[in-house]
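Please examine the sequence and the three-dimensional model shown here.

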Amino acid sequence: MSDNNKIFPRHTQLAVAVATLLVATPTLAFDFKGYFRSGIGSSAGGGDQACFKAEGAGAKYRLGNECETYAELQFGDEVFREGDTSFYVDSMIAYVTKQRNDYEEVGDEDNEIAVRQFNVQGTNVIESLPGSMLWIGKRYYQRHDVHINDFFYWDVSGPGAGLQDIDVGAGLLHVAWTRSSNDEQGDDVEIDDDALATVTNDILDVRWTDIPVNPGGLLEFGVDYGQANLNDAQERAGFSDQDGYLFTTEHHQTEFLGGFNKLTFQYATDSMIASRQGRPNSNMLNEGDMIRVIDHGLIPLSSNLDMFYVGIYEDTSFDNDTGNKWLSAGIRPTYYWSELMSTAVELGFDRVSPEASGEDDRDLQKITIAQQWQPGAKFFARPQLRLFVTYANWDEDVYDAEAAGGTNELDDNEGDGLTFGAQAEVWW
């Protein structure tokens, strides 16, 4: 008997044993959530799709203007429950790639896998605070964003610990300690050891939410204190123990002209001035202040037409004159031809006015037309399949196409660009 004939029965027996075990074991039940977007695009002049963003702006308008595949896979399970007390384990892995090939290695610098969430949540584990939830680990923490330009204007997510949903009569109280690191160092400090340039930042977040103030209206207050937590070597090297505050007030009108509206005011100092990605991050380089006003929402205009809108004003001033004013306005009206098909038009305008004297404003205008298919005549219905055409223009005397789009697919010193393609987006 050949060796192959000897091995084959053993493999068969193993397969039967595994199948029997699966049938005999109760079905695993866990929560599976996720998000991804992916597609294909091109520029009118040839080459890959370019994406358009005003230099110095905190965000870009998304529709027909995303040049990567991005995915988040979230797995969670309630591992214990007795009465009202429960323990929940949550996790999330994310993946991003430039979507240029079939096989894109994780080790390539354009393709990354990241651990976004790993945490345990204990509900009603503190008897004196019924309804509250204690959590520890890496977590998305009560993030606030504008959907159509993906602007996360209040986001202190990361590894941390917190106690949330504390009933205080009028609303809920939440307290959290989160951490983030950055690789920036003082202007006058030169460090050969790269490890010294990684600064640990601690953020203490306190929020009072769900305060009823008017019919259908809820108020939220928040205070964030951030501090660069320097080690001895960094202090000897001359690093500054920078700290700062972020104050946020937001009014959420849940019934606004048949839709919703959120009006947000923010003021930040020093290390808690938001980065260009919109995330507050304790940063020892920042010395100054920031004022931000955001109004955004979604309203129906007729039985088969709705519109998402946003207006942003941000004024950042630094002691070294590197700040700027950012003005952004955008709308995305969507017309629903049926329960399955819609047409969306997105108009976006960004103007960045540098604080330094002698620098010109940076303007960018962008328009996208997208034909869409989705399960339901609703703005947030997903999955969504899109065919799109995007046009953008900017002042080529101020910055070139690479700075505006973040890619090299357009020739430098052009003042406009046209892209087209197809995209799928889904969350569940």
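D165 is found in strand β8, which covers residues 158-167. In this predicted model, the phi angle of D165 is near 65°, a positive value although the residue is not glycine. Such a value deserves attention because most residues other than glycine have a negative phi. The relative accessible area of D165 is 24%, and D165 is therefore classed as partly exposed. A positive phi is also found at D321, where the angle is near 60° and the residue is again not a glycine. D321 belongs to the loop between β15 (305-318) and β16 (324-336). With a relative accessibility of 42%, D321 counts as partly exposed.

Most peptide bonds are trans. The bond from R382 to P383, however, is cis, and its omega is near 10°. P383 itself sits in the loop between β18 (362-373) and β19.

From these details one may turn to the chain as a whole. The protein chain contains three helices and 20 strands. It has 428 residues, and 43% of them count as buried. When contacts with a separation of 6 or more are considered, 59% of them join residues 24 or more positions apart. The accessible surface of the chain amounts to about 21,800 Å², and carbon and sulfur atoms contribute 56% of this surface.

How far may the coordinates be trusted? The mean pLDDT, which is the predictor's confidence in each residue, is 87 for the protein chain, and 84% of the residues reach 70 or more. Over residues 1-11 the pLDDT is below 50, and this stretch has one contact in the model beyond near neighbours in sequence. Residues 185-189 also have a pLDDT below 50, but for this stretch the model shows 14 contacts beyond near neighbours in sequence. Where pLDDT is low, the predicted coordinates should not be read in detail.

R292 is located in strand β14, which comprises residues 288-302. Is R292 buried or exposed? Its relative accessible area is 1%, and a residue counts as buried when this value is under 20%, so R292 is buried. The side chain of R292 forms a polar contact of 2.8 Å with the side chain of E314. Apart from neighbours within four places in sequence, R292 is in contact with F151, Y153, T264, F265, Q266, A274, Y313 and E314.

N261 lies in strand β13 (residues 259-269). The relative accessibility of N261 is 9%, and N261 is therefore counted as buried. The side chains of N261 and D295 are joined by a polar contact of 3.1 Å. Beyond neighbours within four places in sequence, the residues in contact with N261 include H251, H252, Q253, F256, H296, G297 and Y309.

R386 is part of strand β19, which runs over residues 384-394. Since its relative accessibility is 5%, R386 also belongs to the buried residues. Which side chains make polar contacts with the side chain of R386? One is that of Q384, at 2.8 Å, and another is that of Q423, at 2.6 Å. When residues up to four places away in sequence are set aside, R386 touches L63, R332, Q371, Q372, G421, A422, Q423 and E425. G421 illustrates how the fold brings together parts of the chain that are separated in sequence: R386 and G421 are 35 residues apart in sequence, while their C-alpha atoms are 8.3 Å apart in space.

The last topic is the surface. V79, F80, F87, V89, V120, V125, L134 and I136 make a nonpolar surface patch of about 610 Å². Strands β2 (69-82), β3 (85-97) and β5 (133-139) are the elements that each give two or more residues to this patch. L134 is found in strand β5. With a relative accessibility of 34%, L134 counts as partly exposed.

Definitions and conventions. Residues are numbered from 1 along each chain as its sequence is written. This is a predicted model: local features need pLDDT of at least 70, side-chain atom pairs count only at pLDDT 80 or more; totals for chains, interfaces and linings use all residues. Side-chain values use heavy atoms; hydrogens and water are left out. pLDDT is the predictor's confidence in each residue, from 0 to 100. Contact means heavy atoms within 4.5 Å. Helices (H or I, at least four residues) and strands (E, at least two) are DSSP runs, numbered from the N terminus. Buried means under 20% relative accessible area, exposed over 50%, partly exposed in between (1.4 Å probe, protein chains only). A polar contact is a pair of N or O atoms within 3.5 Å; within protein, one must be able to donate a hydrogen and the other to accept it, and residues adjacent in sequence count only if both atoms are side-chain atoms. Accessible areas come from the Shrake-Rupley method with a 1.4 Å probe; for residues, only the protein chains shown count as cover. Patches are made of residues with over 30% relative accessible area and no salt bridge: like charges are joined within 9 Å, nonpolar side chains (Val, Leu, Ile, Met, Phe, Trp, Tyr) within 5 Å. A salt bridge is a side-chain nitrogen of Lys or Arg within 4 Å of a carboxyl oxygen of Asp or Glu.
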